[in-house]
Amino acid sequence: MTKLIIMRLIWNCYLIAILSVGPSIQYPKADCLIDVVFLFDESSAVSDAMFNKTLRTVDSTVNILDVKEMGVNVGVSCYADTVRQMFQMDYFYSKTTIKSEINDMKRQPNVGQANLQNALNRTCRVMFSSRAGGRAKAVNYLVVISPMTSALDAELEAVVAYCKSRSVRIISITEGSSSVISNTIAYDSTYQFELKDENTVATSLSTLIKENAGCKEVIDRLAKWLETIIFGSIALITFIMCLLCFLQNRYVHRMKAAQEKYNVPEKKTQSNC
């Protein structure tokens with residue numbers, strides 16, 4: 001009876017091992033498809049020095065990101081009184097090509113004042129659409145680099161709400177301390193950066209994009225399956241060995257019992273003669 005209880009315990013442990021290992025398998029997440037659009041100000045409010053620093057910041061950020069067709073896709077637009085689309089996300093999947101395009105960019109002369117509301121509205125509506133290379137299962141980031149000196153109004157707040165409804169997370173980068181505009185458009189307080197050293201900003205920005213998209217949690221499916229097979233096999237082999245030992249002991253005890261039964265010496269009967 002005791003051995004039977006032990007065998008049941010071993011069987012239960014085996015089932016627990018299989019059930020605990022199996023559900024822990026994690027598949028590559030769709031969240032690791034990341035669509036990033038850089039939108040930067042080229043209006044008369046932006047100095048040449050800031051515009052060039054913006055280009056270097058974008059270049060450094062792209063250099064860190066995992067740019068590829070099934071990874072991070074990048075698009076770029078500029079804005080002043082109108083929006084100028086440089087390239088959309090399905091144009092280039094090569095990091096080298098994107099960096100070359102960025103470094104060759106020139107700002108338009110004789111542009112008007114910045115119209116941030118129009119730029120955000122058009123970018124969220126067009127640049128993240130499927131026609132512009134947007135992917136349904138991707139995490140969407142809109143990186144806005146601007147002095148953000150325009151006045152806050154209800155229209156801007158409505159546009160920001162529209163972008164959020166399109167699942168677009170806005171990252172705000174501005175010179176100097178964060179302004180009311182920066183606070184308004186940023187997805188949250190951690191999505192705001194000050195445009196100082198471009199390499200520092202690029203490192204922080206790329207880290208934010210990757211970590212908030214969940215890419216650090218991706219586990220290789222094949223490795224996890226192998227782990228499941230190994231632990232499951234060990235548990236199964238252990239169970240089979242214990243079962244064989246149990247059956248062997250049971251067989252031996254039965255054979256001994258049978259042998260004792262047929263080898264009982266006959267009792268001598270006393271003669272009355």
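**Reading the sheet, the disulfide and the cavity**

Modeller: An open sheet of six strands runs in the order β3-β2-β1-β4-β5-β6, and its pairing is mixed. Keep in mind that this is a predicted model.

Biologist: Which strands stand at the edges, each with a single partner strand?

Modeller: β3 and β6 (192–194) do. Each has one partner strand, so one side of each is left without a neighbour in the sheet.

Biologist: By how many degrees are neighbouring strands turned against each other on average?

Modeller: Ignore direction, and the average is 20 degrees.

Biologist: What packs on the sheet?

Modeller: Helix α4 does. It touches β1 (34–41), β2 (72–79), β3, β4 (139–145) and β5. The direction of α4 makes about 40 degrees with that of β3.

Biologist: Next, disulfides. What is the general idea?

Modeller: A disulfide is a covalent bond between the sulfur atoms of two cysteines. This structure holds one.

Biologist: Which cysteines form the disulfide, and how many Å apart are their sulfur atoms?

Modeller: C124 and C163, with the sulfur atoms 2.1 Å apart.

Biologist: Is the link of C124 and C163 right-handed or left-handed?

Modeller: Right-handed, with 100 degrees about the S-S bond.

Biologist: Where in the chain do C124 and C163 lie?

Modeller: In distant parts, 39 residues apart. C124 sits in helix α4, and C163 in helix α5 (residues 154–165).

Biologist: On to cavities. How many of 30 Å³ or more does a search of the whole structure find?

Modeller: One. The space in the largest cavity comes to about 40 Å³.

Biologist: Which residues line the largest cavity?

Modeller: S77, V83, Q85, R122, T123, V126 and M127. Sort that lining by class: three residues are nonpolar, three polar and one charged.

Biologist: Which elements each supply at least two residues of that lining?

Modeller: β3 (83–87) and α4 (116–127). The largest share, four residues, comes from α4.

Notes: Residues are numbered from 1 along each chain as its sequence is written. This is a predicted model: local features need pLDDT of at least 70, side-chain atom pairs count only at pLDDT 80 or more; totals for chains, interfaces and linings use all residues. Side-chain values use heavy atoms; hydrogens and water are left out. On a 1 Å grid over the protein atoms alone, a cavity is a set of points where a 1.4 Å probe fits but cannot get out, and a pocket is an open set with protein on both sides within 12 Å along at least five of seven lines; lining residues have an atom within 4 Å of a point. Grid points are joined across faces, edges and corners, and a volume is the space filled by probe spheres set on the points. Ala, Val, Leu, Ile, Met, Phe, Trp, Tyr, Cys and Pro count as nonpolar, Asp, Glu, Lys and Arg as charged, and the others, Gly among them, as polar. Two strands pair if DSSP finds at least two bridges between them. Axes are lines fitted to C-alpha atoms, for helices over the stretch in contact, and angles run from 0 to 180 degrees between N-to-C directions. Contact means heavy atoms within 4.5 Å. A disulfide is a pair of cysteine sulfur atoms within 2.5 Å.
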